[in-house]
Structures are given as C-alpha cells and as structure tokens.
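Visitor: I am new to this one. Please pick a single part and take me through it closely.

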Amino acid sequence: MEIYVVKSGDTVDSIAESYGIPVSSIIYNNQLVYPYALAVGQALLLSSGESLESSYPAWVNGYAYPFIRQDVLDETLPFLSSLSVFSYGFTTDGDLIPPTVDDSFMIEAALMSGVRPVLTLTPLGADGNFNNALITAVVNNQTAKDNLLTNLLAAVQAKDFGGVDIDFEYIRPEDRIPFADFVADVRNLLAPYGYHVSVALAPKTSDSQAGLLYEGKDYRLLGEAADSVLLMTYEWGYTYGPPMAVAPLNKVREVVEYAITRIAPSKIDLGIPNYGYDWTLPFVQGSSRATTVSNQEAVRIAIENGVPIQFDEVAMSPFFRYEKDGQQHEVWFEDVRSYREKFSLVPTYGLRGMGYWQIMRFFRPNWLLLEDTFRIQKP
C-alpha cells in the first residue's frame with residue numbers, strides 16, 4: 001500500500017494513470033462517492049504493487065455498541081482479533097445490568113468470524129455518565145464485589161464471551177488500590193476458565209499526574225492485575241475542549257514511553273480513535289461544543305466547501321478550516337497518514353497491538369492499511 005496526497009488539478013483518473021492502477025481500486029480503497037471529487041491535501045491509499053505478508057503480529061480490538069449496523073460489523077470483523085461490546089453496567093449491590101439493546105447478534109457474528117467477543121464492564125449511571133460513587137460502593141464492599149464477580153462469570157459463560165474488559169473512569173484517588181485489587185479479583189476468577197481480562201487506562205505520563213481522570217489509575221498495579229491494558233490515547237481534542245488533534249502523535253508517544261516503564265510492553269494495546277471533531281470558532285470555554293464527525297465526513301466537508309486539507313507535522317494529524325453561514329469552523333480528524341504514524345509506535349515499542357474507539361463507522365482505508373502493516377492475531 002502507498003499513500004498519495006492529492007495535489008491541485010488531480011483527479012481519480014489522472015492518479016490512476018500515473019500509478020498504472022485501476023480507477024476502481026482507488027475508489028474502493030478510499031470509499032469515494034460519485035462523482036469522485038477530491039480535496040487538495042486529501043490522503044489516498046493506493047494499492048500500488050504486490051502485497052507481502054507483514055511479520056509483526058498485532059492484537060486488534062474494536063469497541064462497538066449493540067446498535068451497530070450489521071453491514072458495518074460484518075465488514076469490520078475480518079480485521080479484528082476481539083470485539084468489545086459496550087457496555088454492561090452494575091448496581092451498588094453488584095447486580096449486572098446488560099445493554100438495553102440485545103447484543104446476541106454481535107457475539108454470534110464475532111464467533112462465526114473467529115473473533116473473541118468481550119464483555120465491557122462500565123460504572124455508567126442512569127444519566128449515561130461514569131459514576132465514581134458506584135465504583136467506590138462496589139470495590140470497597142466485599143459482599144457487593146463477590147456478587148458482581150459471580151454475576152460476571154455467569155454472564156460470560158451464558159453468552160459465550162471470551163473475556164471481560166474493565167473500563168472504569170474518574171476513579172477516586174482513595175480507590176486506587178481497591179480498584180486494582182478488583183481487577184486482580186476478576187482475573188483470578190476468570191483465568192481458570194481461559195477468559196482474558198483487560199483494563200482501560202487513562203493516558204498518564206507520570207505516577208503523580210494530577211486530576212480525577214488519572215489519580216485512581218495505578219499503571220504498575222493494573223498492569224500486574226490484568227492480562228492486558230488499553231491506553232486510551234485519544235480525546236486530547238474533545239467535545240468541550242479547544243480545537244486540536246484527537247490523538248496528537250507527540251502526546252500519544254509520551255504516554256507510551258511512560259507506560260512501558262510500568263507495564264510489560266507485550267501487555268499494552270494502543271488506543272486509536274476512529275473519528276474527528278468539527279468546532280465552531282471562536283472557541284469559548286464552557287459554552288463551545290464540537291460536533292463528532294467520521295473521517296469520511298470530514299473529507300466531504302472539505303470538498304463541499306472547497307478548502308484544502310492541511311497536515312500538522314507535530315501532531316501528525318490532518319485538519320482544515322472552512323466557513324459556513326458566516327461561521328468559521330475548524331476540523332481535526334484521522335486519515336491514513338495519521339494512522340500510519342500511530343501504527344509505527346506498536347513495533348517500535350514492542351506493544352501487543354491496538355484498540356479502536358470505536359468501530360461504529362466503517363473506514364476502509366484504515367483497515368486496509370492495518371492489514372498491510374500487521375499480521376492480525378486471532379484467538
């Protein structure tokens with residue numbers, strides 16, 4: 001696979017002729033829509049020659065809600081090692097709360113594709129937000145914890161899950177050790193049955209990093225407690241924050257370089273975003289709110305508004321600005337260039353693989369590049 005950046009005057013036909021490849025392959029690889037307009041600065045993935053089997057083995061996980069479209073799920077599964085169903089909640093007594101939408105079709109499709117289905121456990125409250133009081137109530141109460149452990153094992157066995165992913169956020173600092181103990185308890189319970197236990201980690205760069213998102217996550221303890229970890233290396237650019245890359249490579253690298261000093265690299269999955277954001281300008285802290293866009297949608301916006309896509313060489317991420325109805329906008333998203341840079345961190349640091357948040361929108365260029373870069377592992 002080769003990456004080509006569109007120049008002024010380029011067309012799909014002229015690029016195909018220049019590389020001696022079929023127009024249809026450019027259209028297919030990049031999910032181009034008729035009449036196949038391009039944006040200056042748009043990155044295209046080209047099938048330019050014979051593909052060689054990649055040597056670096058990588059575990060690839062994707063998170064998805066049970067309302068994922070069947071066609072998106074079916075197209076994505078061939079590129080996954082595991083599928084994390086988001087999500088199962090729990091009460092203060094340790095009773096398990098399944099998703100409101102039946103997830104059976106996801107589990108069945110994963111198993112049919114040789115992909116490990118994973119139960120994602122989250123402390124989401126009735127308002128849909130992470131509830132750290134719920135975490136405190138369970139990890140510090142042996143009766144509630146034992147009940148949750150029993151219910152987890154029963155659910156995993158009954159629904160044919162292959163493991164559990166623990167995604168607890170905003171853990172109180174005083175629950176740092178009880179939470180790590182809880183993860184170890186889940187692993188000790190499930191390991192004899194052959195189930196895998198993973199835990200999601202906020203993107204820290206030091207042991208003493210301040211903030212509710214970080215203080216309750218002890219990288220060393222959680223790395224020892226779980227079979228694997230996911231570094232949530234995204235959301236620097238986020239809904240309520242100022243415009244910037246969702247996963248700037250320089251920031252992502254800082255997290256990885258800290259993580260490998262506390263956790264065996266072979267246990268670490270790199271978090272990768274499958275989305276971007278569109279901000280209105282000027283940004284006003286406390287009132288501005290970005291809109292989530294797919295990577296394809298971002299390019300379409302650039303094309304429709306006739307603006308070039310730029311590329312930040314520090315964040316290693318594409319972005320552009322445009323004006324609509326008198327309002328300035330700034331968009332940051334992911335393309336094959338930014339994915340290539342993130343992928344390079346996996347073999348460089350000897351990581352286990354990667355985990356996508358999330359796979360609800362199918363972006364074929366990413367998956368083709370990933371398949372060309374790694375030998376995707378299967379359970």
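Guide: D160 lies in the loop between α6 and β7 (163–166). Helices (H or I, at least four residues) and strands (E, at least two) are DSSP runs, numbered from the N terminus. This is a predicted model: local features need pLDDT of at least 70, side-chain atom pairs count only at pLDDT 80 or more, and totals for chains, interfaces and linings use all residues. Residues are numbered from 1 along each chain as its sequence is written, and side-chain values use heavy atoms, with hydrogens and water left out.

Stay with D160. Its phi is near 65 degrees, a positive value in a residue other than glycine. D160 is partly exposed, at 47% relative accessible area. The scale runs thus: buried is under 20%, exposed over 50%, partly exposed in between (1.4 Å probe, protein chains only).

Now step back to helix α6 (residues 142–159). Its axis and that of helix α5 (residues 132–139) come within 6 Å and cross at roughly 100 degrees. Such axes are lines fitted to C-alpha atoms, for helices over the stretch in contact, with angles from 0 to 180 degrees between N-to-C directions. That makes α5 roughly perpendicular to α6, a label for 65 to 115 degrees; under 35 is roughly parallel, over 145 roughly antiparallel, and the rest oblique.

Who touches whom? On α5, A137, V138 and V139; on α6, A144, K145 and L148. Contact means heavy atoms within 4.5 Å. By class, the contact has 5 nonpolar, no polar and 1 charged residues. Ala, Val, Leu, Ile, Met, Phe, Trp, Tyr, Cys and Pro count as nonpolar, Asp, Glu, Lys and Arg as charged, and the others, Gly among them, as polar.
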